[in-house]
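Here is a short note for a colleague who is new to this model. Please look at the structure first, then read the points.

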Amino acid sequence: LRSCSPGRARRTNASRRACLVARFGDIYAQERLDAETLLRTCISDMEMVQRIIYAAAVESFRAAKVAYRQFKMRVRDSLSIGHSGPESLEDKVLDFIVQHEDLYDVQASVNEVIRSMNTNPKISFPPEIDFIVISTLIRELCRVAFSMQTLVPPLDISFGIDGELFNENKYHRVVESDFTAALVAYHVWPALMENDVVIVKGRAVTKR
């Protein structure tokens with residue numbers, strides 16, 4: 001294993017957090033729109049396009065969190081063999097992961113996301129097309145989600161349910177919404193959370 005300076009992850013936590021929150025916003029503004037444009041070439045139903053993108057976001061975070069836990073276990077097992085102070089083993093593990101995030105097999109997570117999306121009953125795709133067409137969006141979401149797990153505390157996204165009561169503290173209504181409706185018809189983008197507190201609002205469509 002390559003060496004790393006002790007405590008670096010915690011010392012850089014605030015700046016890394018700010019960069020990752022900004023990156024999450026950039027993905028919404030750029031990669032999400034690019035994916036939407038690609039999907040619109042083969043799917044006329046805008047609601048289905050938005051459902052697909054939301055599912056990609058949720059599955060990307062799920063896959064990246066699983067990959068992070070597995071990666072962290074492997075690093076801890078390796079570093080525990082010769083560990084000695086003064087820093088704790090957990091800090092040493094976190095430092096290593098932060099300095100070597102390039103070792104994260106993001107393609108494996110992308111493949112896992114696409115497999116999960118292919119069995120999602122809420123979304124459908126023309127049989128001649130594959131969800132791989134939005135792999136750029138999925139890859140960037142997996143990367144930012146993985147990095148967010150290295151923060152203390154880690155950042156995560158909210159998981160919305162169709163038909164839930166609209167929460168203005170968690171979501172913005174998109175233009176397609178009925179602004180007098182109280183229930184969420186479907187979600188467009190997840191909210192970003194820290195310890196169950198909303199950091200960045202998500203997007204949802206409300207309808208009667």
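1. Basis. This is a predicted model, in which local features need pLDDT of at least 70 and side-chain atom pairs count only at pLDDT 80 or more, while totals for chains, interfaces and linings use all residues. Residues are numbered from 1 along each chain as its sequence is written, and side-chain values use heavy atoms, with hydrogens and water left out.

2. Contact. Domain 1 brings 22 residues to the contact, and domain 2 brings 22 residues. Contact here means heavy atoms within 4.5 Å.

3. Buried area. About 2,000 Å² is buried between domain 1 and domain 2, with 63% of it on carbon and sulfur atoms. Buried area is the accessible area (1.4 Å probe) that two parts lose on being put together, summed over both.

4. Charged pairs. Five salt bridges are counted between domain 1 and domain 2. A salt bridge needs a side-chain nitrogen of Lys or Arg within 4 Å of a carboxyl oxygen of Asp or Glu. Lysine 207 forms a salt bridge with glutamate 47, and their closest N and O atoms are 3.9 Å apart.

5. Helices. On the side of domain 1 that touches domain 2, α2 (13–29), α4 (46–80) and α7 (135–148) each supply at least two residues. The most come from α4, with 10 residues. Helices are DSSP runs (H or I, at least four residues), numbered from the N terminus.
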